[in-house]
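Take a moment with the sequence and the 3D view. We will walk through them together, one piece at a time.

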Amino acid sequence: AVRRLTAPDIRARKGGEPIVSLTAYHAHTARLIDPHVDFMLVGDSLGNVMHGLETTIPVTVEMMILQGQAVMRGSKRALVVVDLPFGSYEGSPQQAFATASRVLKETGAGAIKLEGGRRMAETVRFLADRGVPVMGHVGLTPQSINTLGSFRALGRDDESAAIILDDARAISEAGAFAIVLEAISEPLARQITQEVAAPTIGIGGSSACDGQILVLEDMLGLSDRVPRFVKKFANIGPAIGEAVEAYASEVRARSFPAEEHTYAPKKA
Ligand code: KIV
Ligand code: NA
């Protein structure tokens with residue numbers, strides 16, 4: 001049996017070979033990416049990608065657990081990290097522990113991720129002290145869309161940069177094993193990466209980070225709109241359209257299914 005990577009394995013990669021990660025929501029995509037990534041994130045971006053939601057606000061713990069179970073079944077080597085959705089952890093450290101322990105018990109995943117800086121430091125400490133590895137997430141935190149007002153890069157002026165640096169420091173000191181830095185300026189990402197003990201995982205966080213993450217469907221060209229920080233490493237969307245068009249015309253022409261797709265009666 002292959003040994004699965006653990007949160008301490010990821011933590012130990014600080015300053016070393018870049019940490020590679022992608023999101024996964026399904027068993028089949030988990031199986032395809034497992035040989036190539038160090039961890040996969042069951043992100044609450046599944047609300048946008050799988051369900052067509054405008055924001056991640058409506059995503060539930062049940063949705064995260066179902067996809068976390070699917071991703072665990074599809075993978076064997078990479079660490080699986082599951083996002084805690086909006087409303088399931090911010091109320092208190094106790095609420096966060098109840099949700100996180102349920103997610104780990106029901107999925108078998110090795111870690112959870114939650115959004116927020118200083119305000120979440122006490123909770124990160126509470127969970128880490130009780131056997132829950134926590135990945136942090138600062139900079140653009142999509143669950144705060146209703147107070148942020150829009151999805152745009154942060155930390156591009158001194159005041160905003162100082163707040164985000166403080167946020168990253170606070171959750172690193174509280175025991176986060178890694179921290180996602182989303183949509184922040186390059187000099188800030190570089191400074192955070194140099195100053196905090198936890199490895200930084202960039203998404204729109206520049207090449208200065210200790211690792212990178214992207215939403216799989218975005219980098220495959222399956223999403224209709226993507227942020228500036230996404231590079232499309234493939235363009236699968238049009239290939240799906242072409243395959244479905246070919247299928248439709250063969251069904252209409254009765255050229256599919258052909259003989260090789262058809263069962264003959266058993267010979268007597
Ligand atoms: O939900 C998600 O996909 C994420 C990553 C983009 C970091 O939180
Ligand atoms: Na997320």
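In which loop does Asp44 lie? Asp44 sits in the loop between β2 (39–42) and α3 (46–49). These labels follow DSSP: helices are runs of H or I with at least four residues, strands are runs of E with at least two, and both are numbered from the N terminus. This is a predicted model, in which local features need pLDDT of at least 70 and side-chain atom pairs count only at pLDDT 80 or more, while totals for chains, interfaces and linings use all residues. Residues are numbered from 1 along each chain as its sequence is written, and chains are lettered from A and ligands numbered from 1 in the order in which they are written.

Eight strands form a closed barrel with parallel pairing, in the order β1-β2-β3-β4-β5-β6-β7-β8. Neighbouring strands of this sheet are turned by 25 degrees against each other on average, direction ignored. For such angles, axes are lines fitted to C-alpha atoms, for helices over the stretch in contact, and the angles run from 0 to 180 degrees between N-to-C directions. Strands of a sheet pair through backbone hydrogen bonds, either parallel or antiparallel. Here two strands count as paired if DSSP finds at least two bridges between them.

Now look at one such pair. β4 and strand β5 (residues 134–139) pair in the parallel sense over 2 bridges. Helix α8 (residues 158–173) packs on the sheet and touches β5 and β6 (178–182). The direction of α8 makes about 175 degrees with that of β5. Across the pair, Lys113 stands opposite Met135 in β5.

Next come the annotated positions. In an unreviewed entry, UniProt gives the annotation "binding site" to Asp44, Ser45, Asp83 and Lys113. These residues are spread over 70 residues of sequence, yet they cluster in space, with a largest C-alpha distance of 12.4 Å. UniProt also lists Asp44, Asp83 and Glu115 for "binding site", again in an unreviewed entry. Those residues span 72 residues of sequence, but their largest C-alpha distance is 10.9 Å. Be careful with such records: positions are given in the numbering used here, feature names are shortened, and annotations may be inferred rather than shown by experiment.

Are these residues buried or exposed? Asp44 is buried, because 28 other C-beta atoms lie within 10 Å. The cut-offs are simple: a residue is buried with 20 or more other C-beta atoms within 10 Å of its own, exposed with 12 or fewer, and partly exposed in between, with C-beta atoms placed from the backbone. Asp83 is found in strand β3 (residues 79–83). Asp83 is buried too, with 28 other C-beta atoms within 10 Å. Lys113 belongs to strand β4 (residues 111–113). Lys113 has 23 C-beta neighbours inside 10 Å, so Lys113 counts as buried. Glu115 is in the loop between β4 and α6 (121–128), and is buried with 25 other C-beta atoms within 10 Å.

Contacts link these places. Two residues are in contact if their C-beta atoms, placed from the backbone, lie within 7 Å. Not counting residues up to four places away in sequence, Asp83 touches several residues, including Asp44 and Lys113. On the same terms, Glu115 is in contact with His137, Thr141 and Gln143.

What does UniProt place at Glu182? There the unreviewed entry puts the feature "active site". Glu182 lies in strand β6 and is buried, because 22 other C-beta atoms lie within 10 Å. Beyond four places in sequence, the contacts of Glu182 include His137 and Gly204.

Turn to ligand 1. Among the residues around ligand 1 are Asp44, Ser45, Asp83 and His137. A residue counts as near if its C-beta atom, placed from the backbone, lies within 6 Å. This shell divides into 5 nonpolar, 4 polar and 2 charged residues.

Finally, check the backbone. Most residues other than glycine have a negative phi, and most peptide bonds are trans. Ala183, in the loop between β6 and α9 (186–195), has a positive phi near 50 degrees. Ser206 has a positive phi of about 75 degrees. The peptide bond from Phe256 to Pro257 is cis, with omega near -5 degrees.

How values were computed:
Nonpolar A, V, L, I, M, F, W, Y, C, P; charged D, E, K, R; others polar.
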